[in-house]
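Please open the model in your viewer and keep the selection tool at hand. The tour moves from one chain to another, one selection at a time.

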Amino acid sequence: MAVNIGVIAEEHNDIDVLYQFTCKLAPENSFSFSTFAAHGCGRLRKKCRAWSENLIQRGCTHLVVIHDLDDEDQDALRAVLENSVRDIAFSGRIILIPVFEIEAWLLSDPLALQQTFNMRKSPKIPQKPETIPNPKEYLRDIVWKYSKKHYINTIHNKRIASVLSIDKVLLCNSFAPYPAFVSTIIATC
Amino acid sequence: MNAILLLRRLTEERPSFYARDEVPTGHCNLKTTLTVDNVNGTLWADIDTYTDDNNTDIVITSDQYWHIKHLTGNNKRVKLPLALARELTRLEDTRFGYYQRHIGVDAVEQISRTVPEPVRDFLGTIARNLAQIRYYSASQFTNPANCPVSFELEKEGKITRAVHLTGHAKFLFDLYNSRKYSKRSGYDQFIDIIGPNGIGLVDEISFNPISTSSVQYSVRIGGTVTERRKQKILVIPQFKIGKNALSPNQLSEGTFKTITLLFYLITESSQLLLIEEPEVCVHHGLLSSILELIKTYSNNKQIVISTHSDFVLDMVQPENVYAVTNIPNEGTKVHHIPKRLSRPELGALREYLQTEGNLGEYWRAGGLE
């Protein structure tokens with residue numbers, strides 16, 4: 001039976017990216033997503049608990065929360081999010097905190113960008129994409145530079161994620177714990 | 001939006017020697033500061049307007065004064081209409097403006113020499129930029145059923161039926177023209193964005209040209225009849241969505257409006273684009289993409305959007321928001337949000353956005369009042 005994973009994120013396209021990555025980590029039809037997109041970090045924090053309770057009612061057994069770190073202290077942010085979902089009865093949960101934006105994960109595989117945007121050559125990208133301060137703008141600029149096409153995160157994030165090599169994303173520390181989390185879920189189902 | 005558009009109308013103002021019969025229906029005192037290369041100029045304008053049958057405000061008369069201390073070195077105001085300023089710096093142009101036509105190129109050149117060069121260049125730059133302001137409103141493209149299914153061109157490429165096309169027909173003609181010069185016009189980018197590689201609104205747009213001809217007869221004095229054959233092209237546009245090839249009037253309202261908005265957003269070369277309520281008839285998923293595109297293009301040109309949507313507010317920073325309020329007996333006031341709020345209020349807003357919610361719901365709950 002498919003595991004129902006609850007996902008709470010700031011934007012819909014963050015959820016789309018995570019879905020594509022999960023497809024690469026788990027067998028087909030072994031999971032489904034139930035989701036909430038907050039359209040901003042403040043609302044995510046405020047609603048995290050209520051939405052988590054709702055996800056339990058919708059049959060979710062596991063929870064993923066994605067929240068950008070931006071300029072905050074990682075431990076403090078993690079503690080706030082942990083506190084809001086601590087006593088809710090999920091079998092497992094994980095909080096992923098991209099350093100600036102989730103687009104840094106997409107920058108980890110230049111070949112995926114080349115394939116998505118039909119670039120003539122693979123773009124040059126720093127080895128540690130999570131050190132790029134504004135990955136969304138960086139991605140937009142690099143797509144324009146190499147393909148003369150406009151990057152629209154709401155459309156293209158999902159497409160990049162679908163062709164991206166999951167091994168490359170593991171270079172991003174904020175994503176690294178996720179494959180083990182998915183393995184645990186699949187092992188228990 | 002109307003106040004900003006009024007600045008463009010000032011550049012199109014007919015001088016007083018072109019008498020107008022219209023009775024003013026509106027009066028406006030406008031004060032605005034414009035910046036060119038870090039030099040500020042403040043315009044005071046006393047304007048009488050007339051609203052024509054198309055609901056467009058036309059400037060009948062105006063008094064315009066400029067305060068440009070940085071260039072003039074004093075506090076004295078310079079009296080120079082924008083319409084004239086526009087002509088002072090395009091004397092080489094072959095297309096004459098009202099002033100050049102009426103008082104002659106030499107006279108305009110003479111006036112030009114009396115205005116110090118930096119002031120002339122400054123106001124000329126402002127006038128040219130204001131003249132290029134473009135306005136997009138979803139209401140211009142409402143009800144696609146009104147859209148023609150074809151349009152006619154002369155062999156030379158000019159439209160035959162009307163000089164001034166508006167609304168749906170103008171859009172089709174602009175689209176066709178833009179396609180002819182696709183690399184330069186941005187048409188390729190437009191197709192890439194609305195097509196399957198982008199937001200996937202349509203798969204393909206095609207134009208099927210059919211050559212036709214008509215005969216025109218004229219009778220001269222003495223009864224001689226002459227016959228003139230005119231070659232025309234009937235252009236039939238088609239929008240392919242999946243397996244269906246649709247005429248423009250078969251598109252849904254939201255699809256038609258989004259296509260037109262994105263077409264003008266991408267292909268319009270003006271440096272200031274005004275967009276009225278992009279949220280109309282569009283679901284939130286598509287609206288997110290439209291707003292992301294507007295943000296992208298705002299790197300190349302200034303874009304002002306008006307909205308009544310809290311969803312749109314959710315997607316922008318408070319620094320980019322101006323609140324428009326109608327105050328009885330005072331008129332419409334526009335305030336920059338960070339300046340309108342006191343320091344504690346602004347702090348409270350930032351705290352709210354960080355920990356509680358979004359700008360849209362803050363506004364809905366009265367937090368920006």
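Which strands of chain A does helix α1 (residues 12–25) lie across? Select the helix and you will find that α1 of chain A lies across β1 (3–9), β2 and β3 of chain A, running at about 165° to β2(A). Helices (H or I, at least four residues) and strands (E, at least two) are DSSP runs, numbered from the N terminus, while angles run from 0 to 180 degrees between N-to-C directions of axes fitted to C-alpha atoms, for helices over the stretch in contact.

This is a predicted model, in which local features need pLDDT of at least 70, side-chain atom pairs count only at pLDDT 80 or more, and totals for chains, interfaces and linings use all residues. Residues are numbered from 1 along each chain as its sequence is written, and chains are lettered from A and ligands numbered from 1 in the order in which they are written.

Next, select the strands of chain A, where 4 strands form an open sheet in the order β2-β1-β3-β4 with parallel pairing (two strands pair if DSSP finds at least two bridges between them). Its edge strands, β2 (31–37) and β4 (92–96) of chain A, each pair on one side only.

Now move to chain B and select helix α7 (residues 167–180), which has 14 residues. Its buried residues are B:His168, B:Phe171, B:Leu172 and B:Leu175, where buried means that 20 or more other C-beta atoms, placed from the backbone, lie within 10 Å of a residue's own. Seen down the axis of α7(B), these buried residues fall within an arc of 100°, so they line one face of the helix; the arc is that of the directions from the helix axis to the C-beta atoms.

How values were computed
Contact = placed C-beta atoms within 7 Å. Expected span 1.5 Å × (residues − 1). Buried ≥ 20, exposed ≤ 12 C-beta atoms within 10 Å, placed from the backbone.
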